[in-house]
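Please keep the sequence and the structure in view while reading.

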Amino acid sequence: MYGFYVNDVWYQVEGDGTAVKACIPTLSMMDGRRILTVEGLSEREKELYAYAFADAGAVQCGFCIPGMVICAKALLDENVDPTRKEIAYALRNNICRCTGYKKIIDAVSLAAKIKREGGDIPKNGSGWRLGERVQRIDAREKTLGYGEYVDDMEVEGMIYASAVRSRYPRARVLAIDTERAEAPPGVIGVYTAADIPGDVKVGHLVQDWDTMMPVGGCTRYLGDAAALVAAETLEILERVKRLVKVTYERLPFISSPCEAMKEDAPKLHEGGNLLAHKHVSRGDAERAIARPRYVYTQRFHTPYTEHAFLEPECAIAMPYEDGVLIYSTDQGTYATQHECAEMLGLPNEKVRVVNKLVGGGFGGMAVQTAGEGEADASGEYPHPSEASSHGYGVYGGM
Ligand code: FES
């Protein structure tokens, strides 16, 4: 079995009936082979996996599920009564960020049981009465791969946008020269903070995050954007981003919360480095501390954890009536609407945000970075624009 990505979705294809790792097979390797994706499953198989994955609660964001289904099919075609260990082995090359795999293994076990026993495939519960067991309403489209994530969308006349990001975690932006980047054919525009019609700063809790770094401002992390490039094609976009010249003055940076709390730490924000101070106490803490039965002193650390959602973060925006329409892949429709409206200097009702499927999140997609970029680009150009914040080669990072 081979595997490959189509529109960010991991598909696996049947070769000679032998399972192999999915390592980007070339077209010549595929020559003469029969390719099977979830679309090619028989109607009964579609019903089987759609039911089993939904019933087991195995579908969360769904981004990984079509690949899991194809691996499950390959296994069950050979072995209709696999152990959990055999199922885990069959799925070993597929990463799922959401589920922890247990429920996916449950789903494959259930599919195997139904397949062994034959008969009708049960219908998903549909009553939605209190206490009734039901499945996620979007489990089927995610399992069978026809659910639409933003990056699956193609809009006629679409252009592409992506940000030029800071090279330094903390640096003052002395100048941004966009002239060379604006010249090549196919470039729609290169925008900086000076082109933002509303508030440059946005933010969920405190409005302190620069959508793009203004000249004279200081970057606060490597991801801060200095400019936004819009182009007719992804190829032009990637080439042209390198032509934007940003001059920085490098400054000492802070690499941990403990450093940030030091008296002499550089101030990242005007109000200092502390967002909030909470003091929690219960009972008579002083008395308990003064006369404890046991004393245990230790310093505890929690590791940095990347949210690691599988879907590249992106958004599509286009002029809409006298405002803007944004298809977003983030976790907070109203936060996106509110922040884009502030950035564009528009009332909320002129910014319409449609949430497509979200390929993971875990908080990481609660912060909208792509939407603001493409909303800004679409405001200047009467075509839909797509921006990506994480990038996966072709988009390079909004
Ligand atoms: S359900 Fe597997 S990555 Fe989200």
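The expected span of a helix is 1.5 Å times one less than its number of residues. For the 13 residues of helix H2 this gives 18 Å, which agrees with the 18 Å between its end C-alpha atoms. The model is a predicted one. Its chain has 398 residues, of which buried residues make up 39%.

**The chain as a whole**
- The secondary structure amounts to 12 helices and 13 strands.
- Of the contacts between residues at least 6 apart in sequence, 71% join residues at least 24 apart.

**Helix H2 and its surroundings**
- Helix H2 covers residues 43–55, and its buried residues include Glu 45, Leu 48, Tyr 49 and Asp 55.
- Packing against the buried residues of H2 are helix H3 (65–78), helix H5 and helix H6 (139–143).
- After H2 comes Gly 57, which has a positive phi near 70 degrees.

**The packing of H2 with H5**
- Two packed helices are described by the angle between their axes and the distance between the axes.
- For H2 and H5 (residues 102–117), the angle is about 135 degrees and the axes lie 8 Å apart.
- Angles over 145 degrees count as roughly antiparallel and those from 65 to 115 as roughly perpendicular; H2 and H5 are therefore oblique to each other.
- The crossing of H2 past H5 is right-handed.
- On the H2 side, the contact is made by Leu 48, Tyr 49, Ala 52, Phe 53 and Asp 55; on the H5 side, by Ala 107, Leu 110, Ala 111, Ile 114 and Lys 115.
- The residues of this contact comprise 8 nonpolar and 2 charged ones, with no polar residue.

- Most residues other than glycine have a negative phi.
- Tyr 101 has a positive phi near 75 degrees and sits in the loop between helix H4 (84–90) and H5.
- Tyr 101 counts as partly exposed because 18 C-beta neighbours lie inside 10 Å.
- Phe 362, likewise not a glycine, has a positive phi of about 60 degrees.
- The loop that holds Phe 362 runs between strand E12 (351–355) and helix H12 (370–380).
- Phe 362 has 15 other C-beta atoms within 10 Å, so this residue is partly exposed.

Methods:
Residues are numbered from 1 along each chain as its sequence is written. This is a predicted model: local features need pLDDT of at least 70, side-chain atom pairs count only at pLDDT 80 or more; totals for chains, interfaces and linings use all residues. Axes are lines fitted to C-alpha atoms, for helices over the stretch in contact, and angles run from 0 to 180 degrees between N-to-C directions. Helices (H or I, at least four residues) and strands (E, at least two) are DSSP runs, numbered from the N terminus. Angles under 35 degrees count as roughly parallel, over 145 as roughly antiparallel, 65 to 115 as roughly perpendicular and the rest as oblique. A crossing is left-handed if the near helix is turned anticlockwise from the far one by less than a right angle, and right-handed if clockwise. Two residues are in contact if their C-beta atoms, placed from the backbone, lie within 7 Å. Ala, Val, Leu, Ile, Met, Phe, Trp, Tyr, Cys and Pro count as nonpolar, Asp, Glu, Lys and Arg as charged, and the others, Gly among them, as polar. A residue is buried if 20 or more other C-beta atoms lie within 10 Å of its own, exposed if 12 or fewer, and partly exposed in between; C-beta atoms are placed from the backbone.
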